[in-house]
Amino acid sequence: MKRLFLFMLAATLANADTIEMMTGAKVEGKVVENNATAKTLTVEFYLGGKLLQRILPYANIKAITVNGVRTDLNAPASATTRTPAEVQALIAKVGPTEPDWFKSTNLNFPKTLDLSWPSKPTSGWSNQKNAGQFIWDIINPNASRWREGIKFVTHLMELNKDDASVRKRATNEIANMHFRFFQDYARAAWWWQKAGITIEDAPGFHLAECYWRLGSRQMALDFMNGTKLVYLDGIKLLGDMGETDRAVKMAEYYDDQDAWLLAGDACRLAGRLAEAQAFYEKVINTPAAGQNPNRVKRTTGRAQANLAAIKLFELADVSKVADGSYKDSSLGYEGQVEVSVKVRGKKIEDVKITQHKEKQYYSSMTDVPAQIIAKQGVKGVDATSRATITGEAIINATAKALAQGAR
Amino acid sequence: MRLDHYLPTLKRANKADRKPPGRIRRVLERIGPSMASAPLRRVIQTVFFITFLVSFFYICWPYTAQPRQGDSPITEAELDALLASGEKPWPSHYTDDLKKKEVVPADLFLRLDPLVSLSTAIASRSWVYSLASAGIILLVCVFIPRGFCGYLCPLGTLIDVFDWLIGRRVKRFRVAKDGWWVHIKYYILLGTLIAAAFGVLISGFFSAIPVITRGMLFLGEPLQTGFLRGWHLVVPFHLGHVISLLLFIGVLVLGLLRPRFWCKYVCPSGAVFSVANLFRVSERKVEDSCIKCRKCVDICPFDAIKPDFTTRTTDCTLCQTCGGVCPTLSIKFVDRWDVMSLKKENEPPTHETALGRRGFVSLATGSALAVTGGVAAKAASSLWGADLENRDAFRPVRPPGSVPEKEFLQMCIRCGECFKACPNNVLHAEGFEQGFEGLWTPMVKADWAGCESSCNACGQVCPTGAIQPLPLEVKKKTRMALAEVNLQTCLPHAGKEACQLCVDDCVAAGYNAIEFIQVHTKTDANGNPVEGTGFVAPVVLADKCVGCGLCQTRCFGINALEKGLLRQSAIVIVAGEGKEDRKNLDTEST
């Protein structure tokens with residue numbers, strides 16, 4: 001009887017699917033039906049000895065993992081390939097519709113805003129007076145306000161529908177928000193097309209990206225071929241699309257810090273780590289003349305961070321680490337967390353926290369090292385729930401320590 | 001009605017008939033005479049002492065709580081909340097852990113100490129829920145007069161242990177005769193009650209259970225934390241701690257003068273029981289078979305036997321040790337009205353009068369001192385106090401669910417139980433920041449740690465209701481303060497560097513009470529913002545912030561201590577009007 005129970009338990013666990021909500025919260029259940037037409041999932045949950053069934057709309061769900069395969073429910077386009085005609089049809093169908101959260105989102109903005117949205121704000125910088133600055137200062141940095149943001153710009157457009165310049169700005173901004181905030185490529189493309197954006201305009205490469213994301217690489221490349229000029233955005237998009245050689249060539253032609261950084265990213269994405277390292281090192285070692293120093297600092301900083309990340313996670317492979325004990329530290333909740341990793345015979349034998357100042361979240365101190373030893377590396381180790389910061393510090397410090405030995 | 005439980009000494013008249021004592025008896029005798037005569041009482045004392053230690057060091061030790069793994073909901077309500085709005089289940093591991101461990105209330109002994117609830121009720125002029133349990137113990141003590149002191153009080157037991165280990169070996173400080181001190185406890189009781197009547201609560205300085213609780217807190221807690229969790233987590237001491245510790249050590253050291261000196265002569269909680277003894281229904285009585293051997297007088301730890309071997313009824317704790325040493329079995333513990341074959345009183349003469357001239361003088365002097373003390377306490381707290389009228393005066397952040405500040409100062413007994421139950425020592429003992437009035441009250445020190453979102457322990461363990469016992473559902477929305485960002489020092493606001501520690505922490509805790517604002521954006525010639533310039537900086541949403549202080553802990557820990565970028569946290573929780581939810585008692589029911 002007990003054996004049967006254990007078997008059944010194992011069977012249920014094997015069937016456990018993960019449902020990832022829009023907010024990032026995850027819950028385990030069993031997906032019994034996936035209704036693509038009604039856009040709902042039927043999921044069974046086993047809670048405290050009770051079996052509960054719930055029907056969930058796609059809109060609330062970010063992704064599901066069934067039998068180990070993760071499916072992003074709200075970005076189905078990227079997985080499929082479409083012809084340019086199909087992409088255009090999709091844009092025409094989805095683009096003009098409202099997102100399903102649109103009606104239930106409240107308009108929320110300061111009463112002091114100048115809703116005529118003049119292109120040149122008269123007074124100084126004020127996010128309580130100038131609509132654009134309100135978006136910049138308050139909507140953009142807060143994910144919780146993004147839906148409100150699209151609602152707000154739509155409202156501005158309706159208020160100023162007789163003013164062509166405001167209408168155009170609003171159209172562009174709505175496209176931009178769909179693109180940046182929600183990766184809603186069909187709607188973004190529809191609004192940009194409506195604004196008459198070409199590849200020479202500022203968001204041109206974003207529109208090209210939409211075409212690619214929606215399933216047509218050809219449509220994106222064709223659109224990009226509309227210009228002979230070299231753009232940084234172009235290098236980035238080509239890199240993301242896996243057109244690595246073209247991206248690198250373009251970067252070499254462009255020939256400055258920003259371009260090399262993007263070329264490095266492209267190579268890293270393609271797994272060409274040596275080239276990526278070379279580009280990042282070039283960014284770091286070549287001082288840029290006549291540039292805004294803050295910007296140079298930022299570019300160099302990013303190159304350094306990416307270089308470190310390569311060393312950490314892509315080179316911190318225990319099979320390449322020589323025997324020995326390695327120590328390194330990373331910033332935790334209250335200060336540096338120092339970890340000592342012992343490697344012997346290409347195996348992580350022990351992970352110990354040697355120094356720390358943490359006051360809380362002690363669970364991660366035992367849980368994370370155990371996971372690292374079990375998985376023989378830092379990839380796929382989750383920071384203990386509610387102890388993320390300490391856990392991540394242990395993971396990073398371990399990766400850094402391992403990277404020391406990987407020569 | 002006989003209440004005897006002592007082991008009688010059986011002495012046969014004929015020496016030859018005497019048997020050697022049995023094995024158990026020999027073991028008991030080796031431990032000590034009181035163990036041999038009244039072992040039951042020692043057993044009960046031990047059980048209660050262990051209960052006290054367990055409740056203080058185990059039930060009030062939050063670190064047995066384990067957060068649940070992942071966000072998985074465990075109730076249907078949590079599941080539906082998660083599915084509808086993506087709201088992660090609110091963690092409750094500290095609350096659940098305390099509930100699970102509280103087989104007896106964590107503050108059981110504090111509730112039983114009658115002076116704690118009585119003085120709090122007088123000072124705050126309100127019903128204090130622990131009055132009920134104090135009433136019950138007083139009722140029990142009508143049947144076992146001062147039984148609290150003899151059987152139950154952990155401070156009494158600790159003093160017994162001290163006397164057994166140290167007191168009986170150090171003879172040089174022993175005092176033989178009774179002195180002016182013999183009735184101090186009544187005057188201290190009177191003094192604290194007078195102060196309470198003026199709305200000043202000082203009984204926590206002298207009441208038995210707060211004294212031992214604080215002693216354990218400032219002595220035992222650092223050791224427990226240091227050994228089990230690490231010495232860097234031990235809260236630094238200040239003058240307030242030192243004073244409390246001196247007081248606690250003083251209580252023990254009094255045992256060098258006489259065994260249980262504190263309990264007999266000084267303890268005002270004991271005085272409450274002494275007064276209650278006037279209503280006793282049972283007492284120790286001596287029969288006329290008494291041979292005046294003085295064994296009982298010598299053994300009595302409470303000085304409760306007069307020279308004529310009858311009982312000082314206000315002092316006898318019914319420990320029954322005397323019964324066990326009496327060679328003639330003349331001592332009995334019976335109802336008050338039992339008059340069977342009693343020994344004659346005043347034989348030998350006690351030289352005690354009901355109230356002689358000297359007695360009257362000492363009564364008058366003592367009472368005058370008590371009144372002076374009570375009034376002085378009131379004066380001290382007005383002259384050197386919290387100064388509530390002054391808006392610029394120091395206002396500490398109180399634990400979540402605290403009653404308004406004026407009432408809080410009148411109701412907080414300063415026992416320290418909440419500090420012990422508080423994970424990560426968010427609550428620190430106040431020193432003299434609010435003068436004398438705020439000494440040892442709990443205040444949130446957010447530089448040290450922030451209030452755990454899953455914990456409501458402080459209110460649950462508070463014996464007086466100064467911190468209301470809020471359910472976690474309510475506590476998580478109860479504002480204890482408001483976080484305020486210092487725009488001059490906050491790194492992104494000041495334009496120094498990017499930092500979002502406070503925002504990340506607030507999101508991780510589930511409050512989402514800090515959002516971003518873009519600052520220091522550069523503009524081009526047309527006045528348009530330049531992408532990539534400026535910083536995102538924190539803005540506190542006053543309607544969501546509960547003042548838990550997690551943001552401050554992080555900013556201080558990293559930006560000030562670790563990186564040395566700031567002297568103080570750039571985000572600080574502030575108490576005060578409109579920033580905290582502190583309900584009045586009359587709207588609250590417990």
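## Report on a predicted two-chain model

In this model, 36 residues of chain A are in contact with 36 residues of chain B, where contact requires C-beta atoms, placed from the backbone, to lie within 7 Å. On the side of chain A that touches chain B, the elements giving two or more residues are β2 (26-35), β3, β4, α3 (131-139) and α13 (293-314) of chain A. The residues of that side comprise 14 nonpolar, 11 polar and 11 charged; Ala, Val, Leu, Ile, Met, Phe, Trp, Tyr, Cys and Pro count as nonpolar, Asp, Glu, Lys and Arg as charged, and the others, Gly among them, as polar.

The model is predicted: local features need pLDDT of at least 70, side-chain atom pairs count only at pLDDT 80 or more, and totals for chains, interfaces and linings use all residues. Residues are numbered from 1 along each chain as its sequence is written, while chains are lettered from A and ligands numbered from 1 in the order in which they are written.

**The sheet of chain A**

Six strands of chain A form an open sheet with antiparallel pairing, in the order β4-β3-β2-β1-β5-β6. Helices (H or I, at least four residues) and strands (E, at least two) are DSSP runs numbered from the N terminus, and two strands pair if DSSP finds at least two bridges between them. Because β4 and β6 (69-72) of chain A stand at the edges with a single partner strand each, one side of each has no neighbour in the sheet. On average, neighbouring strands of this sheet are turned by 35° against each other, direction ignored.

Strands β3 (residues 40-47) and β4 (residues 50-57) of chain A are joined in the antiparallel sense over eight bridges. Two of the bridge partners are tabulated below.

| Residue | Bridge partner in β4(A) |
|---|---|
| A:Thr40 | A:Pro57 |
| A:Val43 | A:Arg54 |

The hairpin of β3(A) and β4(A) has two residues between the strands, and A:Gly48 takes a positive phi near 50° there. From the other chain, helix α4 (residues 76-85) of chain B lies across β1 (17-21), β2, β3 and β4 of chain A and runs at about 15° to β4(A). Such angles run from 0 to 180 degrees between N-to-C directions, with axes fitted to C-alpha atoms, for helices over the stretch in contact.

**Chain B and the cores**

Chain B contains 25 helices and nine strands, and its C-alpha trace spans about 115 × 50 × 45 Å along its principal axes. Of its 590 residues, 49% are buried; a residue is buried if 20 or more other C-beta atoms lie within 10 Å of its own, exposed if 12 or fewer, and partly exposed in between.

The largest nonpolar core has 149 residues, of which B:Cys418, B:Ala421, B:Cys458, B:Cys506 and B:Ile571 touch the most other members. A nonpolar core is a set of buried Ala, Val, Leu, Ile, Met, Phe, Trp, Tyr and Cys residues joined through C-beta atoms within 7 Å. Helix α11 (residues 184-197) of chain B supplies the largest share of this core, nine residues. A second, separate core of 60 residues includes A:Ile91, A:Phe205, A:Trp260 and A:Ala276.

**Positive phi in chain B**

B:Arg125, in the loop between α7 (114-124) and α8 (130-143) of chain B, has a positive phi near 50°. B:Arg125 is exposed, with 12 other C-beta atoms within 10 Å. B:Asp303 has a positive phi of about 55° although it is not a glycine, and B:Asp303 counts as partly exposed, with 19 C-beta neighbours inside 10 Å.

Terms used
Two residues are in contact if their C-beta atoms, placed from the backbone, lie within 7 Å.
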